Amino acid sequence: MELFLQQTLAGLATGTIYACIALAIVMTYQAIGHLNFAQGEMAMFSTFIAWQLIQWGTPYWIAFLATVAVSFAGGVLIERIVLRPIQHAPVLSHVAVFIGLLAILNSLAGFIWDFNVKPFPTPFGTAPLLGNGFIDAHQAGMIAITLLLLAFLYGFFRFTRVGLAMRAAAHDPVSARLVGIRVGWMTALGWGMAAAIGAIAGMMIAPIVFLEPNMMLGVLLYGFAGAVLGGLSSPVGAVIGGLIVGVVENLAGTFIPVIGGELKFTIALVIIVAVLVMKPQGLLGRPVLHRV
Amino acid sequence: MLESVPEPAVPDVLAPSLIGRNGLMLALLAVALLLPFVVQNFLIFQLTLVLVYAIAIIGLNLLTGFNGQFSLGHSAFYALGAYVAAMLMDKVDFPYPATLPVAGIACFVFGFLFGLPALRLEGVYLALATFALAVATPQILKLSPLEYWTGGVQGIVINKPDAPFGLPLTQDQWLYFFTLFVTVIMTVLAHNLVASRTGRAMMAIRDNPTAARSMGINIALYKSLTFGVSALYTGIAGALGAIVVQFVAPDSFTFLLSITLLVGLVVGGVGWIPGAFFGGAFVLFVPNFAESISKGLSGAVYGVMIILLIFVLPTGASGLVRAALQRLRAHKIQ
């Protein structure tokens, strides 16, 4: 029982990272209607920027904030330069461009910072929290940061004019444009925020999986699984989905021999296919209706 | 809202008179037959791989270009084909040509079964499910209970076949001719499939599923069948690839391979079968070229090229060829 509880808590902690990536995926999906396959590599690149700043002697939290700001700007730039010109292109073009971005960021990170695995500092320390060993300080810190982020996002979308404008632009671009919202810039803003959320997730998971250019592929896959499980049209659903995926992954790894340990990605595959087949709108998403 | 793949290359321009086209094909084939006698062994090996990739890309094209379904998971089918061939040769001493049909059938069944749930997935959702399949594949291949068969992380090493009947050919030359033979058969079959009633049904589903259904086309059946046939092509390419490279290992079949095939498809032109050869040559030679520009940045150069291609030439090689033919024809009329 104690093991079960411990693994569930650890799963929740990793689940927060999947939740953040899922959230970033959903934000992009809401803004442009496509799944960003480069989301993981964007987060990885941001984490490398943070690592570099810390190597140069910047205090952790200043590096943290600077990285979030740089990532936000980077996300906006990518949207403006790469995605704006193809906004009406078919799905295949988008997928190909995302794959191109993925290759560029991955190779660039390897070129600048090489492919060796690097340790990444944690601001919370790794001592067990409250001395009972159920959860360590970094895991607790991850959960706290994610909750803060969620509260911030909720407040932003619920109570600010820009947040309202962004929701309107995602919901109905044509009407939004008619009431004077600059839909294009709202999309860019969504990209920037997705990049910033990804950066936070990257910096939180890096102390656990260690820093290297390929660190995010698995995390991205779980993020997709979480986003699909929760529903691609629902930010809250994405977070819940990410947490569930984290717990399922951890429990399967602990209690199912062989399969849980060696086939972790396959679990994500099964979750994705099962949800898409049985409940394509996810737990909290809206069903997609087509007019024929 | 119908967001489908780019329009296929217009057939009337790309299909000139029957004699002209057959003549062109024969000339190309003659060049392909003579090439291995004039170039170095290593280049022969590379050309063989171009053909292998071309078969896999034709498979992907049947699915994406002609049926409008996406796949980022074709590395899984390629891996299955390669492993089936390698295991048959390693464990039960199968002759290598006989592994191709077995690998093809195994992949057809797997593709058909994967295509069944995929029926309910459209566009970006299918891309997602197949993405997960591609990422999961290397892990499945490394699974310890299967290690006796798959060789685990180490993979399987295969012997390089000699030319049969005492033909005076080097091993590389023989493999090239063997691959070329398979490629020609597969290309002709794909061409005939697309031109048939079945092919028209596939394209009708791509262009307008609702209209296709109301005309009596069994969408579920055709979609899963196309998935199966596409996997079959890619599986045969995988088996050929295993024989040519003489080695299979889980890390040769990562998500990167799926990207490679997708890039080849986009470069060659979606919905144009001969484009696969342009695509195959591109994905084999351009990364080398990128590496020669800058060793560490090869991936970045590759990525920039993909994005530029989507921006500048979204129809790929098929668009270029079509434009060239149109200009030629305009010239003739004057």
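The model is predicted: local features need pLDDT of at least 70, side-chain atom pairs count only at pLDDT 80 or more, and totals for chains, interfaces and linings use all residues. Residues are numbered from 1 along each chain as its sequence is written, and side-chain values use heavy atoms, with hydrogens and water left out.

**Interface between chains A and B**

- Contact (heavy atoms within 4.5 Å) involves 45 residues of chain A and 44 residues of chain B.
- The two chains bury about 4,000 Å² between them, 81% of it on carbon and sulfur atoms; buried area is the accessible area (1.4 Å probe) lost on being put together, summed over both parts.
- Between chain A and chain B there are zero salt bridges, a salt bridge being a side-chain nitrogen of Lys or Arg within 4 Å of a carboxyl oxygen of Asp or Glu.

**Chain A side of the interface**

- Helices α3 (60-83), α4 (91-113), α9 (216-230) and α12 (264-278) of chain A each supply at least two residues to the side that touches chain B; helices are DSSP runs (H or I, at least four residues), numbered from the N terminus.
- α4(A) gives the most, with 15 residues.

**Nonpolar patch on chain A**

- Met1(A), Leu3(A), Phe4(A), Leu5(A), Phe255(A) and Ile256(A) make a nonpolar surface patch of about 600 Å²; patch residues have over 30% relative accessible area and no salt bridge, with nonpolar side chains (Val, Leu, Ile, Met, Phe, Trp, Tyr) joined within 5 Å.
- Helix α1 (residues 2-32) of chain A contributes the largest share of this patch, three residues.

Note on methods: Chains lettered and ligands numbered in written order. Patch = residues over 30% accessible without salt bridge, like charges linked within 9 Å, V, L, I, M, F, W, Y side chains within 5 Å. Areas by Shrake-Rupley, 256 points an atom, 1.4 Å probe, with all protein chains shown as cover.
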